[in-house]
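Visitor: I would like to go through this structure step by step. Shall we put it on the screen and begin?

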Amino acid sequence: IEIFVDGDACPVKDEVYAVAARLGLAVVVVANQRMHVPRDLGVELVVVAAGPDAADDWIAEEIRAGDVVITADLPLASRCLAVGAFALGT
């Protein structure tokens, strides 16, 4: 299980990092710009090209059944649910 975070506007990143570290889960933050992530907790940052759906498209291509996406984007959540992933809104 991996946790994917739609990172550009996610207000709960710190909480996600804490829960993932406690459970031993990998976190991938996907954003259009560089940002600080706690690499010592196993958090990976993926910076995608600028564009309105670039982060969403990357997440939708990488997420697998059983993974979790954290997003406020309903179309992205729908795409993730379609492959058997779980979606949590922010």
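Visitor: Is Trp 58 buried, partly exposed or exposed?

Guide: This is a predicted model. In it, Trp 58 counts as partly exposed, because its relative accessibility is 25%.

Visitor: How many aromatic pairs are there?

Guide: The count comes to 1 aromatic pair. The rings of Phe 4 and Trp 58 have centres 6.3 Å apart and planes at 50°, so this pair is tilted.

Visitor: Which parts of the chain does the pair link?

Guide: Distant ones: Phe 4 lies in strand S1 (residues 2-6) and Trp 58 in helix H2 (residues 54-62), 54 residues apart. Phe 4 counts as buried, because its relative accessibility is 2%.

Visitor: Staying with H2, which of its residues are buried?

Guide: Ala 55, Asp 56, Ile 59 and Ala 60 are the buried residues there. They cover an arc of only 130° around the axis, so they sit on the same side of H2.

Visitor: And what do the buried residues of H2 pack against?

Guide: Their packing partners are S1, strand S2 (26-31), S4 and H3.

Visitor: Let us turn to H3, then. Which residues are buried in that helix?

Guide: In H3, Leu 76, Ala 77 and Cys 80 are buried. Their arc around the axis is only 100°, which means that they are on the same side of H3. These buried residues pack against S1, H2, S4 and strand S5 (86-88).

Visitor: What does the face of H3 turned away from the buried side carry?

Guide: That face carries the exposed residues Leu 74, Pro 75, Leu 81 and Ala 82.

Visitor: What happens at the start of H3, and what follows the helix?

Guide: At the start, a side-chain oxygen of Asp 73 comes to within 2.7 Å of the backbone nitrogen of Leu 76. After H3 comes Gly 84, which has a positive phi, near 95°.

Visitor: Where is Thr 71 placed?

Guide: Thr 71 is in the loop between S4 and H3. With a relative accessibility of 5%, Thr 71 counts as buried.

Visitor: What does the side chain of Thr 71 make a polar contact with?

Guide: The partner is the side chain of Asp 6, at 3.0 Å. The side chain of Thr 71 also reaches the backbone nitrogen of Asp 73, at 2.9 Å.

Visitor: Which residues does Thr 71 touch, not counting those up to four places away in sequence?

Guide: With that exclusion, Thr 71 touches Asp 6, Leu 76, Ala 77, Leu 88, Gly 89 and Thr 90. Of these, Leu 76 and Ala 77 are among the buried residues of H3.

Visitor: What about Ala 72: buried or exposed?

Guide: Ala 72 counts as exposed, because its relative accessibility is 58%. Ala 72 is found in the loop between strand S4 (68-70) and helix H3 (74-82). Its C-alpha atom is separated by 9.9 Å from that of Pro 11, and the two residues are 61 apart along the chain.

Visitor: A change of topic: how many disulfides does the structure hold?

Guide: The structure holds 0 disulfides. Cys 10 is in none, and the nearest cysteine sulfur, that of Cys 80, is 13 Å away. Cys 80 is likewise in no disulfide.

Visitor: Are Cys 10 and Cys 80 buried or exposed?

Guide: Cys 10 is buried, with a relative accessible area of 7%. Cys 80 is buried as well, with a relative accessible area of 0%.

Note on methods:
Residues are numbered from 1 along each chain as its sequence is written. This is a predicted model: local features need pLDDT of at least 70, side-chain atom pairs count only at pLDDT 80 or more; totals for chains, interfaces and linings use all residues. Side-chain values use heavy atoms; hydrogens and water are left out. Helices (H or I, at least four residues) and strands (E, at least two) are DSSP runs, numbered from the N terminus. Buried means under 20% relative accessible area, exposed over 50%, partly exposed in between (1.4 Å probe, protein chains only). A disulfide is a pair of cysteine sulfur atoms within 2.5 Å. Rings of Phe, Tyr and Trp (its six-membered ring) pair if their centres lie within 6.5 Å; planes under 30 degrees apart count as stacked, over 60 as edge-to-face and the rest as tilted. The arc is that of the directions from the helix axis to the C-beta atoms. Contact means heavy atoms within 4.5 Å. A polar contact is a pair of N or O atoms within 3.5 Å; within protein, one must be able to donate a hydrogen and the other to accept it, and residues adjacent in sequence count only if both atoms are side-chain atoms.
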